[in-house]
Amino acid sequence: MDKTLVLLKPDAVKRGLCGEVLRRLERQGLRICGLKMLRLSRELAEKHYAEHRNRPFFRELVEFITSGPVVAAIIAGEDAIFRVRHLIGDTRAAAPGTIRGDFATSLTANIVHGSDSPESAVRELALFFPSGSDCG
């Protein structure tokens with residue numbers, strides 16, 4: 001069973017879309033194994049987006065993710081990383097029917113983050129859930 005991180009970004013929280021996003025994940029047979037609401041510090045946001053540090057949009061990412069509360073979730077299931085990314089949709093051109101395709105209002109305000117690889121999932125889960133989860 002794979003585990004991945006999903007972050008419901010400040011726009012999802014503000015617009016009341018957290019339940020809808022989690023419902024879509026669960027309807028596809030994925031399990032929520034950890035869930036918490038938090039406000040990211042600048043330090044945590046910069047660690048989370050470290051791979052983008054030298055890109056021109058890094059500051060905008062950090063500003064947005066720290067602009068309000070987020071909901072962090074551990075999502076588990078067979079091929080969870082791939083399946084979550086498929087359900088979320090592409091960052092730049094999300095298809096209708098995907099979470100971003102249905103709810104994103106801009107490239108930055110795109111509702112949700114999902115780990116993009118097994119390596120990213122391990123790193124990101126350790127940042128947001130340092131004591132792990134009860135998923136098994």
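Biologist: Which residues cover the two faces of strand β3, one side and the other?

Modeller: In a regular strand the side chains alternate between the two faces of the sheet. In this predicted model, Val-70, Ala-72, Ile-74 and Ala-76 point to one side of β3, while Val-71, Ala-73, Ile-75 and Gly-77 lie on the other, and all of them are buried. Because eight of the eight residues of β3 are buried, the strand is largely enclosed by the rest of the structure.

Biologist: How many bridges join β1 to β3, and how many join β2 to β3?

Modeller: Strand β1 (residues 2-8) is joined to β3 (residues 70-77) by seven bridges. Strands β2 and β3 are likewise antiparallel and are joined by seven bridges. Individual residues can then be placed across from one another. In β3, Ile-75 stands opposite Thr-4, and Ile-74 stands opposite Leu-5.

Biologist: What is the run of elements along the whole chain, from the N terminus on?

Modeller: The elements run β-α-α-β-α-α-β-α-α-β-α, with seven helices and four strands in the chain. The radius of gyration is 14 Å, close to the 14 Å that the globule rule gives for 136 residues, so the chain is as compact as a globular protein of that length. Its C-alpha atoms fill a box of roughly 35 × 35 × 25 Å along the principal axes. Of contacts between residues at least 6 apart in sequence, 78% join residues at least 24 apart.

Biologist: What percentage of the residues count as buried, and which members of the largest nonpolar core touch the most other members?

Modeller: In soluble globular proteins, nonpolar side chains tend to be buried together. In this chain, 48% of the 136 residues count as buried. The largest nonpolar core has 20 residues, and Val-6, Leu-8, Leu-25, Ile-111 and Val-112 touch the most other members. Elements that each supply at least two residues of this core are β1, α2 (18-27), β3, α5 and α6 (99-103). There is also a second, separate core of 19 residues, which includes Phe-58, Ala-72, Ala-76 and Phe-129. As for Val-6, its contacts beyond four places in sequence are with Leu-25, Val-71, Ala-72, Ala-73, Ile-75, Val-84, Val-112 and His-113.

Biologist: Is His-113 buried or exposed?

Modeller: Burial is judged against a cut-off: under 20% relative accessible area counts as buried. His-113 lies in strand β4, and at 12% relative accessibility it counts as buried. Beyond four places in sequence, His-113 touches Leu-5, Val-6, Leu-7, Lys-9, His-48, Ile-88, Arg-100 and Glu-124.

Biologist: Where is His-52 placed?

Modeller: His-52 is in the loop between α3 (42-48) and α4 (58-65). Its relative accessibility is 17%, so His-52 also counts as buried. Leaving out residues up to four places away in sequence, His-52 touches Phe-57, Phe-58 and Leu-61.

Biologist: What backbone angle phi do Asp-79 and Ile-111 have?

Modeller: Asp-79 has a positive phi of about 55 degrees although it is not a glycine, and Asp-79 sits in the loop between β3 and α5. With a relative accessible area of 43%, Asp-79 is partly exposed. Ile-111, likewise not a glycine, has a positive phi of about 75 degrees and belongs to the loop between α6 and β4. At 0% relative accessibility, Ile-111 counts as buried.

Methods
Residues numbered from 1 in each chain as written. Predicted model: local features only at pLDDT ≥ 70, side-chain atom pairs only at ≥ 80, totals over all residues. Heavy atoms only, no water. Pairing = 2+ DSSP bridges. Rg over C-alpha atoms; globule rule 2.2 N^0.38 Å. Buried < 20%, exposed > 50% of the residue type's maximum accessible area, 1.4 Å probe, protein only. Contact = heavy atoms within 4.5 Å. Core = buried A, V, L, I, M, F, W, Y, C linked by side-chain atoms within 4.5 Å.
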